[in-house]
There are 4 protein chains.
Amino acid sequence: MVIVMAPEATPDNIDNLVDLVATAGGEAYVTRGVSRTIIGLVGDVQQFETLDLRAMPGVSDVLRISAPYKLVSRENQPSRSMVSVRGVPIGADTMTVIAGPCAVETPDQTLAAARMARAAGAALLRGGAYKPRTSPYAFQGLGEAGLKILSDVRDETGLPVVTEVVDAADVELVAGYADMLQIGTRNMQNFALLQAAGEAGKPVLLKRGMNATIEEWLMAAEYIAQRGNLDIVLCERGIRTFEKATRNTLDISAVPVAQNLSHLPVIVDPSHSGGKRDLVLPLSRAAIAVGADGIIVDVHPTPETALCDGPQALVEEDIAALADLASTLSGLTGRVLTPAPQPLPA
Amino acid sequence: MVIVMAPEATPDNIDNLVDLVATAGGEAYVTRGVSRTIIGLVGDVQQFETLDLRAMPGVSDVLRISAPYKLVSRENQPSRSMVSVRGVPIGADTMTVIAGPCAVETPDQTLAAARMARAAGAALLRGGAYKPRTSPYAFQGLGEAGLKILSDVRDETGLPVVTEVVDAADVELVAGYADMLQIGTRNMQNFALLQAAGEAGKPVLLKRGMNATIEEWLMAAEYIAQRGNLDIVLCERGIRTFEKATRNTLDISAVPVAQNLSHLPVIVDPSHSGGKRDLVLPLSRAAIAVGADGIIVDVHPTPETALCDGPQALVEEDIAALADLASTLSGLTGRVLTPAPQPLPA
Amino acid sequence: MVIVMAPEATPDNIDNLVDLVATAGGEAYVTRGVSRTIIGLVGDVQQFETLDLRAMPGVSDVLRISAPYKLVSRENQPSRSMVSVRGVPIGADTMTVIAGPCAVETPDQTLAAARMARAAGAALLRGGAYKPRTSPYAFQGLGEAGLKILSDVRDETGLPVVTEVVDAADVELVAGYADMLQIGTRNMQNFALLQAAGEAGKPVLLKRGMNATIEEWLMAAEYIAQRGNLDIVLCERGIRTFEKATRNTLDISAVPVAQNLSHLPVIVDPSHSGGKRDLVLPLSRAAIAVGADGIIVDVHPTPETALCDGPQALVEEDIAALADLASTLSGLTGRVLTPAPQPLPA
Amino acid sequence: MVIVMAPEATPDNIDNLVDLVATAGGEAYVTRGVSRTIIGLVGDVQQFETLDLRAMPGVSDVLRISAPYKLVSRENQPSRSMVSVRGVPIGADTMTVIAGPCAVETPDQTLAAARMARAAGAALLRGGAYKPRTSPYAFQGLGEAGLKILSDVRDETGLPVVTEVVDAADVELVAGYADMLQIGTRNMQNFALLQAAGEAGKPVLLKRGMNATIEEWLMAAEYIAQRGNLDIVLCERGIRTFEKATRNTLDISAVPVAQNLSHLPVIVDPSHSGGKRDLVLPLSRAAIAVGADGIIVDVHPTPETALCDGPQALVEEDIAALADLASTLSGLTGRVLTPAPQPLPA
């Protein structure tokens, strides 16, 4: 940590800080400049943070130098992690496609979407049974009935299931059906939910909050990790900006930045960021080319009747193109496309 | 609703839409322009929304014209609401000051802060027992022990208590102690929490999400209202922008805009938006002058030892100035400063 | 300046930096922490900046500690400045209202608007003869004919004239008619224009770029100051954010922040930030209450025929209310309302 | 255009609007809904815009349906354009790499950088002789001396020259040396400069303003086109958001969105958006994969001594990788890498 003193700080102000740091078990190194003095601190940063140095007389600024997250950082673990979802890997050597409907509506719709997912090169099935919706009057998901449908479709198709959980109280129930828990953009800082997910014994897909910095996203992952679960996959899904031509602005740079700061896998959601069907394939290409460890894509057999986000779902005629680009582009960053598991024998 | 057709839409595309609207029980009025056709819809908007018109062939855009929130809108209730917090009013005729420490730390600190609050003109005491923190390593609040302290301090000082709840599972417990439930900026779209708060039988202070549009904020209020609770006070607390000179950017215009769209009271938090002590009084003046129905301010007897947000808390020497501006400025928008209730007789 | 080394930096990396700083005439103080080393630099910051320290091996970050602007900073001049516009003061002791039409359209319209301005308490007349417009098909202003109208209206009403200049090549011409040059939000980083304005011998009203940080705004002022002109008034007029309920988001906190960093006067434009007539008076109250040194307001005798920004102009029936709030609220921050100069005797 | 009436609009308000539209030579179609009335307008939109319909009594909103730009739109020209820069094509069939130093510093540095550019697969040389800098104390470019260096290096290497112009007064001079004029992000709405560039007889590279919507960017292009110059290439270079981990946020989705709205070529600047060397190659891959018509990249022989933006320049050891990805990936979207022209025979 570095304390930057105000130009008008007195020698007493500086002495007080040096003493304060010493009582907290640290050491303070003072550098007097022409117009300001800076003080470098050596010791336990957690301890220093309790001192509220910023509120001390004469202090202009306090700069934190090391990252505030630990367990998920590459300083803690230099090599990149591989997360296994019921045997399906997500990591640095593979390109893993997750696909499925935004919301589970019926058994037929879910099964048809899962077959589309498989045909598109997906190794995992996504689908929401609990939907966080801006409006209380919008479809909120089927709940446990939706989880049962997902479970049946997994048995039928072999694709492990990724599904969202929106409340800490539901984590145990959802974890009983799902192979991977998804935490959505609006819940990225729902800390009770993060902690419950950290204790559920299942891998977690953590979407970036649409207003979250990359640092806050990694801090949210740290909440999960701190409960003993390091099977976390980060998902960039667009941030909120002034530009309204797309639903959100896909922050494609976040992929290499987050991979550089954290050992966790990072995937991209080209469907929710763009919000339009015709952007999904171009953004999928960009995501794979930039080096993402996977993509998660909405598909729907009949989007014109979808109860949620129909306009962005890929349709039957897009499937071959998605499968083609996933297999063609994976090699670009030295990966292999993760194959779908086989269904259980009847 | 208005459907805007693409320039290349065919007559068949238009006929299909007219038929579809008719099957949904609505009427469609077609206006053919030089380069485009628009279709005005009359009927049940909720019904139209299930049609996913945007995904139909030939459709370029679908514009919603009426507000998506109902119960909290001024179309539903033209006159502005007054919310009563254990007898303390927040509404259009009063200026209500809420003050207290960011976090409850000890009985002495909380009592001292409550006395500062009272001296500053506050009629309600704020204080957090559950703190949502970006870092899992930061102080997370005292939990129920903190609620008991707040309850004791209320008995001692007479000030009703506003305190945050961060998880739906805690709502019943918190509502047992608090006079008003606060939902924080990170939880504005935690829909399970909103619904639980809507059923708790206590007024709710709903902070605007730092990334939320005013419309989304009103939709969040609608979630609470839909569960039968219209005792909701909106709180503007700054939005996230590119400017980093302040913690967040106080959206002062949101006060008149939200008051114009909704009948609910709107207050301002000058402490969390600015993030710096020396901005609190100027921003408080701005908030009262713009027409806010109240302000909520951090005060702390010894901010240099605060466990949370010390740098923005007002201190003893600021209290008289806050009291003075609150009483002087209230009249500016035709209000009276809400007096503090008397303590219970011993 | 402080150099933060990467965790993997070698002792050689550090020695190289110390040597490099020495060759630039500075001194480097090394503080070795547990996981990182930091190096504090003492000497000429301009010189250090040419070294591109950030690109040196082992460097993780370079933090600048002192402000990059000099002439406009309060470190350079602690007391706040007063700028005189043909005898009309803008500064810390006064509240100065500038009003007039967005664009000069006709002599009658401009004169009528100037009389409204005077009735509203304004001491200066605003009006655009050169209009930067997003669309090449929109009205671009009358040019020199508009300047002549403004000059005539000044003679008639006594109000000195503030008008925008949009191209460095026009500065001399505009300065021949105007009493104060306005630089608009889209030109805040048009450096050729800033430099020309700095040499024109007239005070400058510098609007904040809608995407500019406060620091960049002060750097733009520094461009003007560096050419020998310190008669600069800063104008906050709203920044671009995700919120679309208002045209821009008025950053009310920018007023005290900029006043704290710079000695220059800071005024507020409540018309262009809100973009709606019914927000102008509330935002004017907020601006005066927060401590602005003035406000600049659009007025128009017949806004329904205005060629530019009619929807936000105050009309005849708002004038008394503006005059009233300007005189009532000025005292709030210890100011007097600046009186309008008398017209020249015929 | 569509006028949305307020719920409280009267029949008189509606009749007035219908009459007003008729006097402007248009037709108004009224649709009465349950809570609101909407009015569809058919006729000349430019004409309607002069009416300031938004300011009329009873009007809640006015929605523009057609794009405000004409010449650059795909409605005007459905097939995508190819722009030729001294014989080097930029368009839908090619992938064109532009590379060079951020600033021209010396003949040797520029020649070395041009050779790196050529080795990296570039067909055009970039380099700044006029540099818009946030600080008046930073290096501002060599001016005409820099242009001469660029011209000499073009003769030596055969690479046509792209260089920035920052003031309308310099356009003629710069156009005398350059093969393509660049307009930078801070000048995207410097309308005098856009118009001058439109008349200079050279193709223009128009960078997106860091705060500009895609629509505003296309409107800026319309300013150039309106002066008779349709040889415009759009360049996405990152927008300003709350995220500070990168210098700006590369809006990768803007590429397909702009290509869909406009027939102009769209390229990407991966150097200025990310601001860090290690992001340049990943973002270049993303840009090519998403379908950009080219990329523009900073290279520098000795970035540690660069006078401008050294930290983001590619260095010698990156050149082979850039050449490799440019040639490998071009085919991905059905293109061929544009070859560099041969130098003139001595």
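Predicted model: local features only at pLDDT ≥ 70, side-chain atom pairs only at ≥ 80, totals over all residues.

The points below go from the chain contacts to the single elements and end with one residue.

1. Side-chain atom pairs were counted only at pLDDT 80 or more.

2. Chains A and D. Chain D is superposed on chain A by a rotation of 180° with 0.0 Å of shift along the axis, and the RMSD is 0.0 Å. The two copies are thus related as by a two-fold rotation axis. Which residue of chain D comes closest to this rotation axis? That residue is A286(D), with its C-alpha at 2.1 Å.

3. The contact between chains A and D. Here 25 residues of chain D are in contact with 25 residues of chain A. On the chain D side, the elements that give two or more residues are α8 (254–261) and α10 (277–290). The largest share, seven residues, comes from α10(D). Of the interface residues of chain D, 100% are also interface residues in chain A, so the copies meet through the same surface.

4. Chains B and D. A rotation of 180° with 0.0 Å of shift along its axis also puts chain D onto chain B, again with an RMSD of 0.0 Å. In chain D the C-alpha nearest this axis belongs to F242(D), at 2.1 Å. The same surface serves both copies, since 100% of the contact residues of chain D recur in chain B.

5. The contact between chains B and D. In this pair, 19 residues of chain D are in contact with 19 residues of chain B. The elements of chain D that give two or more residues to this side are β1, β2 and β3. Of these, β3(D) gives the most, with three residues.

6. The four-stranded sheet of chain D. In what order do the four strands of this open sheet stand? The order is β2-β3-β1-β4, with antiparallel pairing. The edge strands are β2 (27–32) and β4 (59–63) of chain D; each has a single partner strand, so one side of each is left without a neighbour in the sheet. On average, neighbouring strands of this sheet are turned by 20° against each other, direction ignored.

7. Inside that sheet. Strand β1 (residues 2–5) of chain D pairs with strand β3 (residues 37–42) of chain D over three bridges, in the antiparallel sense. V2(D) has G40(D) of β3(D) as its bridge partner. Helix α1 (residues 11–23) of chain D lies across β1, β2 and β3 of chain D and runs at about 155° to β2(D).

8. Helix α3 of chain D. The 13 residues of this helix (residues 107–119) should span 18 Å at 1.5 Å a residue, and the end C-alpha atoms are 18 Å apart, which agrees. Which residues of α3(D) are buried? They are Q109(D), T110(D), A113(D), A114(D), M116(D), A117(D) and R118(D). An α-helix has 3.6 residues a turn, so residues three or four places apart point the same way. The buried residues of α3(D) pack against β7 (94–100), β8 (122–126), α4 (144–157) and α11 (316–330) of chain D. After α3(D) comes G121(D), whose phi is positive, near 100°.

9. Strand β10 of chain C. This strand (residues 180–183) is covered on both faces. M180(C) and Q182(C) are buried on one side, and L181(C) and I183(C) are buried on the other. In a regular strand the side chains alternate between the two faces of the sheet. Strand β9 (residues 161–164) of chain C pairs with β10(C) in the parallel sense over three bridges. The bridge partner of E164(C) in β10(C) is Q182(C).

10. D318 of chain C. This residue, D318(C), lies in helix α11 (residues 316–330) of chain C. Why does D318(C) count as partly exposed? D318(C) has 18 other C-beta atoms within 10 Å, and a residue is called buried only at 20 or more and exposed at 12 or fewer, so a count in between is partly exposed. D318(C) and D278(C) are 40 residues apart in sequence, while their C-alpha atoms are 9.7 Å apart in space.

Conventions
Residues numbered from 1 in each chain as written. Chains lettered and ligands numbered in written order. Least-squares fit on C-alpha atoms with pLDDT ≥ 70 in both. Contact = placed C-beta atoms within 7 Å. Pairing = 2+ DSSP bridges. Axes fitted to C-alpha atoms, helices over the stretch in contact; angles between N-to-C directions. Expected span 1.5 Å × (residues − 1).
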